[in-house]
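Let's take a quick tour of one protein model, strand by strand and helix by helix. Have a look at it first, then read on.

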Amino acid sequence: MQKYGGSSIADAAKILSVARRVAKAKDSGSDVVAVASAMGDTTDELISLAHTLATDPDPRELDLLLSTGELVSCTLLTIALRNLGYDAISLSGFQAGIHTDTMHGRARIHRIEAGRVEKELSGGRIVIVAGFQGITEGQDITTLGRGGSDTTAVALAAALGADRCDIYTDVEGIYTADPRIVPEARKLLEIGYSEMLELASYGAKMHPRSIELGGVYRVPIYVASSFNDAPGTLIHQGPDEGRMEDRVKVTGIAYQGNVAKI
């Protein structure tokens, strides 16, 4: 299982680079499912466009609008793969069997019926899934909220019994602090689910819900850069996970900007 963030597929050149990385994984003999986020700042641009037409856009319509960003990127990535000579297919969240509740803008996944994905994999195809989206029992499109493609990828990895979920982004892993602010920050080669959940809850790179899913279903998550082959960070069941006194130490520091307290 792989997931590519918006910065990794922001333009045609980057999409082609990602296609080659996905193809390399297929050439290694693995079945490959990749989740794609929307390209670059597409989601923000769509939100801005909607708000130029209405001060409070209807949540259902806004979700349907925002879901198109991931559809664009996953189909373009599939086109690039097919041009490289690989049998690939793109699937929307609905086609991939991702069923959610009715909370538009921040829907939660109820279940994944992965039969279609498994069928395509058994036919030797690479499967590219649109992240960030699902469908309700009433057949309405929903989105999972900011960072929802991470959640899509980890949930699919759990449903498919994947060995690992690789999250490719614009950073080389998880650091002890934000390296843009603290130049001396160190990259962590591994971290436990509970520690990563704490960091993610306070603004670190990963989406907290994806870490929760990884911990519950024991899906190792590997965070690395899509722009080079530098070693990343493995989020998994740490050796001291669940041992209260042994966990009293600092692994990293996260922060949230633009917060005022009165």
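**A strand with neighbours on both topics: pairing and burial**

Leu91 has Val129 as its bridge partner in S6. This is a predicted model, where local features need pLDDT of at least 70, side-chain atom pairs count only at pLDDT 80 or more, and totals for chains, interfaces and linings use all residues. Residues are numbered from 1 along each chain as its sequence is written, and side-chain values use heavy atoms, leaving out hydrogens and water.

**Strand pairing**

- Strand S3 (residues 88–91) runs parallel to S6, and four bridges join them. (Strands pair if DSSP finds at least two bridges between them.)
- Strand S2 (residues 33–36) also pairs with S6 in the parallel sense, over four bridges.
- Across from Val33 you'll find Val127 of S6.

**Burial of S6**

- Five of the five residues in S6 (residues 126–130) are buried, meaning under 20% relative accessible area with a 1.4 Å probe, protein chains only.
- Ile126, Ile128 and Ala130 point one way, while Val127 and Val129 point the other way.
- In a regular strand, side chains alternate between the two faces of the sheet.

**Two helices side by side**

- The axes (lines fitted to C-alpha atoms over the stretch in contact) of H5 (residues 148–160) and H7 (residues 208–217) come within 8 Å and cross at roughly 15°.
- H5 and H7 are therefore roughly parallel, a label for angles under 35 degrees.
- The contact (heavy atoms within 4.5 Å) involves Asp150, Thr151, Val154, Ala155 and Ala158 of H5 and Arg209, Ser210, Leu213, Gly214 and Tyr217 of H7.

How values were computed. Axes fitted to C-alpha atoms, helices over the stretch in contact; angles between N-to-C directions. Helix = DSSP H or I, 4+ residues; strand = E, 2+ residues; numbered from the N terminus. Parallel < 35°, antiparallel > 145°, perpendicular 65-115°, else oblique. Buried < 20%, exposed > 50% of the residue type's maximum accessible area, 1.4 Å probe, protein only.
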